[in-house]
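This briefing is for a reader meeting the structure for the first time. Please look through the sequence and the model before reading the points below.

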Amino acid sequence: MGMSYIQIMAMKKKKVLWESLEPMVWYNAIYKNPTVWLKEIFLAEIEITKKLLSSGEKSSLIDVGCGTAELLAYCYPHCKYAIGFDINKKFLDKARELHPEFLRKNAFLVHGNALHLQKVLLKNMPQDFWKTERVVVLVMNTLGIIPETLRKGILKEMINLIGNDGILMLGCWNKNYFELGIEWYKRHPEICGELEAEDYDVENGTVKIHESGYESQWWSEETLKNLLEEYRGKYELLFIDKGVGIFAFLLPPNKRFNYENL
Ligand SMILES: C[S@@+](CC[C@H](N)C(=O)[O-])C[C@H]1O[C@@H](n2cnc3c(N)ncnc32)[C@H](O)[C@@H]1O
């Protein structure tokens, strides 16, 4: 058997970078052979996102770090524009291959770093996109894999993008279930390398795998609140638990939205 991407990167003593991860490695683990809890989280993401798009033709969905665009593939009929944004071009090419049906309609797959989200979208999106209500989502714990030093910058870009009438949704994995995460990381060395006992911290819900450099964080309402601290008061913040998922929502003050049925 040939060497895996992780083994090659480990041999070269390089970090596993999301910029170059093979999309099918992620797709197979999360969507083709998911554990029950991942399947449930994905279903919750779809259900919630469709509700956030209740303005239909007046709203657009922007999935930051969209991967192979699985969420978009379910949600594109519910909005005017569906945009997948990712730093890894290989993910976007695979999305085109897996979902040709929605690429013929209202969807855009945009390559770029979320640190420059607005600038890149200004270049790529038609004028009337900016008149739609923008629902910005970051799901499957992408917040956790984004390096801590970049998180606030990327959040700022996403929050600017929602404007006065959009919504931001962060779909994260809940620290209370971190034990499930440890099992999952152990089962998926092809994504994150070999997990050793010293690679994770249950109390903080963090993992940093030495072999590969793979890092992630799992969240609680408190850690999410801390990250969003500077927006408290200026925006409405809401948190809901769904299975292993913890979802955070940020809404501008005048936004009317019935989230009781989320
Ligand atoms: C955890 S995966 C989630 C993929 C997808 N959202 C899903 O639900 O299956 C993280 C994704 O974020 C992308 N990503 C990581 N850093 C990024 C950045 N700075 N800007 C844009 N995309 C990024 C990765 O390439 C990868 O596709």
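In what follows, Ala, Val, Leu, Ile, Met, Phe, Trp, Tyr, Cys and Pro count as nonpolar, Asp, Glu, Lys and Arg as charged, and the others, Gly among them, as polar. The model is predicted: local features need pLDDT of at least 70, side-chain atom pairs count only at pLDDT 80 or more, and totals for chains, interfaces and linings use all residues. Residue numbers start from 1 along each chain as its sequence is written. Helices (H or I, at least four residues) and strands (E, at least two) are DSSP runs, numbered from the N terminus.

**Around the ligand**
- The shell around the ligand is made up of 12 nonpolar, six polar and two charged residues.
- Among the 20 residues around the ligand, those that come nearest are Gly 65, Gly 67, Ile 87, Ala 114 and Met 140; a residue is near a molecule if its C-beta atom, placed from the backbone, lies within 6 Å of it.
- At least two residues of this shell come from helix H4 (70-75), and at least two from helix H8 (142-145).

**Positive phi angles**
- Ala 69 is not a glycine, yet has a positive phi of about 65°.
- Ala 69 lies in the loop between strand S1 (59-64) and H4, and counts as buried because it has 26 C-beta neighbours inside 10 Å.
- A residue is buried if 20 or more other C-beta atoms lie within 10 Å of its own, exposed if 12 or fewer, and partly exposed in between, with C-beta atoms placed from the backbone.
- Met 140, also not a glycine, has a positive phi of about 50°.
- Met 140 sits in the loop between strand S4 (133-138) and H8, and is buried, with 23 other C-beta atoms within 10 Å.

- In helix H2 (residues 23-32), the buried residues are Pro 23, Trp 26 and Ile 30.
- These three cover an arc of only 70° around the axis, so they are on the same side of H2; the arc is that of the directions from the helix axis to the C-beta atoms.
- The buried residues of H2 pack against H3, helix H5 (89-98) and helix H11 (189-192), where contact means C-beta atoms, placed from the backbone, within 7 Å.
- In H3, Leu 38, Ile 41, Phe 42, Ala 44, Glu 45, Ile 48, Thr 49 and Leu 52 are buried.
- Their arc around the axis is only 160°, which puts them on the same side of H3.

Conventions
Contact = placed C-beta atoms within 7 Å.
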